Amino acid sequence: MKINISMNLNTIMTKKITLRNLSKEPGCLAEYDPNSMSIDSAKKMIDSFIEPIKKTESVKLINSINRILAVDLISPINVPNYDNSAMDGFGFKFSSLKNTKTLNVKNKVLAGNLKINHIKDDEAIKIMTGGKIPNGVDTVIPIELVNYKNNQITFTEAPKVGSNIRKAGEDIRKKDIVLKKGTLIYPSQLGLIASLGFSKIKVFKKLKVGFFSTGDEIVQVGKKIKSGQVYDSNHFTIHSMLSRLNVECLDLEVIPDNKKIIKNTLKKLSNQADVIITSGGVSVGEADYMKEVLKEIGEVLFWKLAIKPGRPMAFGKIKNTDFFGLPGNPVSAMVTFYQIVQSALKIKMGSNLKQKIPTLKVECSESIFKKPGRTEFVRGILYESDGVWKVKTTGKQGSGILSSMSKANCFIVLTSNKRNVKSGEIVDVQLMESFV
Ligand code: AMP
Ligand code: MG
């Protein structure tokens, strides 16, 4: 396919420029600048190349937490499925009230008691919260508002007709679409599905994500380390960020900087995994083989993202498997995962949530040096001072300083054009909790 230079990102969605077109002819897309991609363009582009998983499975409801619904869920019943009392009180027919507002109480209905189906006019019935409203009752008065003596109630002020009755179908009507396909199931969704009586539901299959670290200097934890070697912390940060997303991890640990081994490993993994994530080797160093290998066995967009930290990052495909090559620096690997990979994985998992990472506006209590040109994700600490929430940095911000991530509870997001931040200035903050 021949593509015009003037095509823009929206064209990807409509005309479907493939990754192969773009990797062969990078000039075909106006926003594609492999040497300085804005984070927004990179995200949009990746998201448009991701194909959501199609395979589904039926799981027990209790095991469906953090899974994604694969069908629209249609209610088989009304919820509640009968008119019932919203209060402990007395039910009666409003039109039977006389001036005196005195009624004889003949019977009572507790929740779950299905025997009493109707009452006579000018009678009342004692009824507890959740009790089924018998025919003949259209109003309930709470117990606190009546005088109850000798099986008679008296009250001075009548409630409005229809008061304190929860009508059948008030929450959900039979045949309503209750949850849409693509909904991520959290506890409240799980409770809602249970309230409809489903014991099993259809969800998308878990993504299989293969991942490994690369580097001759990288050593597994538990082993002795020599000067010049580094423990494989990326393995643990990436594994745990993946686990929180509830994907199936195919964990290959560490692979040396050896082109042949990297190539064979990627080939093999691409037959097993929906997504491959690697860390290290995506830069332009002598032992950075990812680019060469990917060119041989797949299609890849190598980007210098205009972000800090996390400049070198790759996205591509090996056959139908999506590939994310994260930078080796530990902070960069986490930042690129949170800012780019996580939302792409959610799309791949079948989620219909297209929400941006939320930001808050908070006063920054210290100055921050910032040059324009890249979006910076400064590790920050959100803290309360005299009842006001403020933010400060965690200190040194080098991309290898993992302690800056562990001290942080937020990112201070300084967009590309932004310059130095003055103390007292309002900045945008992303809560790290938003990434869970
Ligand atoms: P690279 O992207 O391979 O050039 O690596 C950049 C830096 O990150 C180097 O200082 C590596 O030693 C370090 N690094 C690479 N991979 C890991 C890892 N898995 N765990 C911790 N540090 C790493
Ligand atoms: Mg390396």
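In which strand is Tyr231 found? Tyr231 sits in strand 15 (residues 230-231); strands here are DSSP E runs of at least two residues, and helices are H or I runs of at least four, numbered from the N terminus. Keep in mind that this is a predicted model, where local features need pLDDT of at least 70, side-chain atom pairs count only at pLDDT 80 or more, and totals for chains, interfaces and linings use all residues. Residues are numbered from 1 along each chain as its sequence is written, and side-chain values use heavy atoms, with hydrogens and water left out.

**Around Tyr231**
- Tyr231 is partly exposed, with a relative accessible area of 36% (buried means under 20%, exposed over 50%, partly exposed in between, using a 1.4 Å probe and protein chains only).

- Six strands make an open sheet with mixed pairing, in the order 16-13-17-21-20-18 (two strands pair if DSSP finds at least two bridges between them).
- Strand 16 (248-255) and strand 18 (299-304) are at the edges with a single partner strand each, so one side of each has no neighbour in the sheet.
- Strand 17 (residues 275-279) and strand 21 (residues 321-326) run parallel, joined by 5 bridges.
- Thr278 has Gly325 in strand 21 as its bridge partner.

**Helices on the sheet**
- Helix 3 (residues 39-49) packs on the sheet and touches strand 18, strand 20 (312-318) and strand 21 (contact means heavy atoms within 4.5 Å).
- The direction of helix 3 makes about 165 degrees with that of strand 18 (axes are lines fitted to C-alpha atoms, for helices over the stretch in contact, and angles run from 0 to 180 degrees between N-to-C directions).
- Helix 7 (residues 290-297) runs at about 150 degrees to strand 18.

Conventions: Chains lettered and ligands numbered in written order.
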